[in-house]
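Colleague: Could you walk me through how the parts of this model pack together?

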Amino acid sequence: MSKRITGIAASDGIGIAKVYRLVDPDLSFEKHVITDVNAELARITQAMVASTNELKVIRQKAAENLGEEEAAVFDAHIAILADPEMISQIKSVITDKKLNAEEALKEVTDHFITIFEEMTDNQYMQERAADVKDVTKRVLSHLLGKSLPNPALIDSPVVVIAHDLTPSDTAQMDRKFVKGFLTDLGGRTSHSAIMSRTLEIPAVVGAGDATTEVQDGDSLILNGLDGFALVNPTAGEKAKYQAEADHYAQERAEWQKLKNAASVSKDGRHFEVAANIGTPDDVQAAVDAGAEAVGLFRTEFLYMNSDRLPSEDEQFTAYKQVVQSMNGKPVVIRTMDIGGDKHLPYLPLPEEMNPFLGYRAIRISLDRQEIFRTQLRALIRASHYGEIRIMFPMIATVNEFREAKKVFTEEEAKLVAAGVPVAEKIKLGMMVEIPASAVFADQFAKEVDFFSIGTNDLIQYTFAADRGNEHVSYLYQPYNPALLRLIKNVIDAAHREGKIAAMCGEMAGDKYAVPLLMGMGLDEYSMSATSVLRVRSQMKSLVTTDWAKVVEQAITQCRTNEEVKSLVEKHLQA
Ligand code: PEP
Ligand code: MG
């Protein structure tokens, strides 16, 4: 009998493979006085040689699979292990203080780490501190006879199990071998979940204790469609889910036929199905998926993938590349949304009790205007090369929008005066992701060119439930009538003023939400590129006027998320 682990379905698809646990072993040890100095010196030397040899293999693999740039970090690690100053200090602690090798290593490396970390204005040295930490971990693991996970060495099909995933973990993996992700933490809209969808790797997140329930050597079925994993499946289960995986692959092949088609409902109403991107590299996936626009470019990833604030020219090049790749189709670019769970190592933010309710997004942009103005100038310059629309994240008040618009207008005027070619009209919109702006949409609609509803945040703020916290993930309730009323209010308000209502949160690609949103007349649906063709295919089978009636019933007669979901299921089957 297999063991079942349930979590949250975060990225579609089914992966069947051996487990790869991306979990650090316990590296704790006792400090003690030694009697045999030579034996201890031999231990530390051996551990350092073994670490160096291991890093050389990892470096080689990383260069082959991922390229020289990703491999270079391991050169820095190898260089640290060869540092004569550090080696001699570790040996002195063993010889003079008669301490065990683990303690000598820790004392000396802690000292270096502190010195580097204190150089707060020197980004390079701060990164070296992180490198020394990594190297210390590796040498300790050898001293303690434990092995560290090395994602760069994955060279056969695996499902990766981790407490949580970071972009630097996934950067080290050769994606063709990664058949799935299973994580202890996270919700459907946590950034690790969004990343899995961008990478098109099936994922289940928020699975509680998966990392302790699954052992190396286990095999696993990871079902990212329904949100569970089966540990050590039987032959019968393997056959069943392999068939489901094959069926899903066939369905995807069917959807491919719609790549160049318009997104039209059964009763002939046209909608726009767009893709969300995080970096200019993602735009190809949007084009390949036949997206009619980029509905959300999360520009903060440009900042997060850099070791300093990206310059105006660097940003200009990135934005220009994206609009040009979209070949005349609109690209909605959101200004920097840092804060919450997204941080920049080089832009220290205040320690906050509630970062999601704190200094983030437009609040930072309006406060640190030099950063905001640089970004706006880059965007305005890039507008000459295609259709750029700009939107501001986390707008809570009309004054915030007005202030952001004023800064935009000033920068635009300066560029025009300097003779820089810019688009005649750049549409300015706002994300509706704070309940106050959803409630007050009728007034906002008079000032903006478009709305884009950010349901990931709108749901977290409406139900007061942290989007990344699996303990409250039951409050991610996209069909709850309270939320549907807010969304309908926004769409109706936009339409009364002749403005576009878009949605770029994950709900826009949800198969039970799409019919309701069509019934409400939402104009644009922006989602992970992998969902674009599925949604276009679904739209073909739906009659918007029928769904308008279902919406009415949902928001006036249903009281719970589950009731609305059942109502939708019933009508989808009819
Ligand atoms: C949202 O909040 O719905 C959204 C699209 O933005 P992000 O997920 O980047 O916060
Ligand atoms: Mg948001």
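Modeller: Gladly! α19 passes α22 in a left-handed crossing, with helices and strands being DSSP runs numbered from the N terminus (helices H or I, at least four residues; strands E, at least two). This is a predicted model, where local features need pLDDT of at least 70, side-chain atom pairs count only at pLDDT 80 or more, and totals for chains, interfaces and linings use all residues. Residues are numbered from 1 along each chain as its sequence is written, chains are lettered from A and ligands numbered from 1 in the order in which they are written, and side-chain values use heavy atoms, leaving out hydrogens and water.

Colleague: What makes a crossing left-handed?

Modeller: The near helix is turned anticlockwise from the far one by less than a right angle; clockwise would be right-handed.

Colleague: And why is α19 called oblique to α22?

Modeller: Their axes, lines fitted to C-alpha atoms over the stretch in contact, with angles from 0 to 180 degrees between N-to-C directions, cross at roughly 125° and come within 8 Å. Angles under 35 degrees are roughly parallel, over 145 roughly antiparallel, 65 to 115 roughly perpendicular and the rest oblique, so α19 is oblique to α22.

Colleague: Which residues of α19 and α22 meet?

Modeller: P481, L484, R485 and K488 in α19 meet V551, E552, A554 and I555 in α22, contact being heavy atoms within 4.5 Å.

Colleague: What makes α21 mostly covered?

Modeller: In α21, 7 of its 9 residues are buried, and buried means under 20% relative accessible area (exposed is over 50%, partly exposed in between; 1.4 Å probe, protein chains only). Among those buried are V532, L533 and M539.
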